[in-house]
Amino acid sequence: MNLRRESSQGRDASRIESFSDNVFAIALTLLVLTIKVPAVSQNDQPGYLVEYLRSEWPAYLTYVVSFLTVLLMWINHHVMFQRIQKADHALMFLNGLMLLPVTLVSFPTALLAVFFSHPQARYAAALFSGSYVMIAGFYYLVWAYITRMNFRLGVKEDAVSLKRSTKKIQLVFGLYVGAFCVAFIHPVGCIVACLLLCVYFALPQLRNSAG
């Protein structure tokens, strides 16, 4: 009976990860919808399509930043849940809350692409980076719960390793808060900051994979 209960609890963690993978996959797929297909020009002017595609570069930029950010968050989410052997309802609920802003990423991405050169661009950039602040914040809450309930959830790591991971997650959250603040001063700087964060957090993982 105990073995059956433990087996069921062990499957909970894998089910959370499987469900989350589907949400991340849908969120990444929906991002491409932020790039609009142009309408056929009635005047059929030469070079109309090329000129339109060139003018849509803000949509390409925001798409790439959002795709890379969500992709990295999915990778880190996968790594985090690989360290978990068991789960409970509270963890499932917190993980679900973390997925809420993930599903919303396509909206601020499309909004920023439209308002990129508009006087109100700072608000669009704030919403854009703010969605990442929310994801990083909920990610930290999930991790904090996991480390606090480490015995029941089956996390078996030394205190130094757990502390190092916690500091890294706190750093991610703090840097995205910084990007959010920059949005109100310099919207383009906010986007560049988010892109640089993607590069900063991607490089160590690529080096580890190569090693």
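Helices here are DSSP runs of H or I spanning at least four residues, and strands are runs of E spanning at least two.

**View 1. Overall fold of the predicted model.** In this predicted model, the protein chain contains 9 helices and 0 strands, so that its elements, read from the N terminus, follow the order α-α-α-α-α-α-α-α-α. Of the 211 residues in the chain, 37% are buried, and the chain exposes about 12400 Å², of which carbon and sulfur atoms supply 67%. Among contacts between residues at least 6 apart in sequence, 80% join residues at least 24 apart.

**View 2. The largest nonpolar core.** This core has 46 residues, and those with the most contacts inside it are Leu91, Tyr132, Tyr176 and Cys194. Two or more residues come from each of α1 (2-30), α3 (57-82), α4 (89-104), α6 (121-148), α8 (159-183) and α9 (187-210), with α6 giving the most, namely 13 residues.

**View 3. Surroundings of Tyr132.** When its neighbours within four places in sequence are left aside, Tyr132 is in contact with Val65, Ser66, Thr69, Met73, Val105, Tyr176 and Cys194. Two of these partners, Tyr176 and Cys194, are listed together with Tyr132 among the residues that have the most contacts inside the largest nonpolar core.

**View 4. The two sides of helix α5.** In α5, which covers residues 106-114, the buried residues are Ser106, Pro108, Thr109, Leu112 and Ala113. Because these residues cover an arc of only 170° around the axis, they lie on the same side of α5, whereas Phe107 and Val114, on the other side of this helix, are exposed.

Methods: Residues are numbered from 1 along each chain as its sequence is written. This is a predicted model: local features need pLDDT of at least 70, side-chain atom pairs count only at pLDDT 80 or more; totals for chains, interfaces and linings use all residues. Side-chain values use heavy atoms; hydrogens and water are left out. Buried means under 20% relative accessible area, exposed over 50%, partly exposed in between (1.4 Å probe, protein chains only). Contact means heavy atoms within 4.5 Å. Accessible areas come from the Shrake-Rupley method with a 1.4 Å probe; for residues, only the protein chains shown count as cover. The arc is that of the directions from the helix axis to the C-beta atoms. A nonpolar core is a set of buried Ala, Val, Leu, Ile, Met, Phe, Trp, Tyr and Cys residues joined through side-chain atoms within 4.5 Å.
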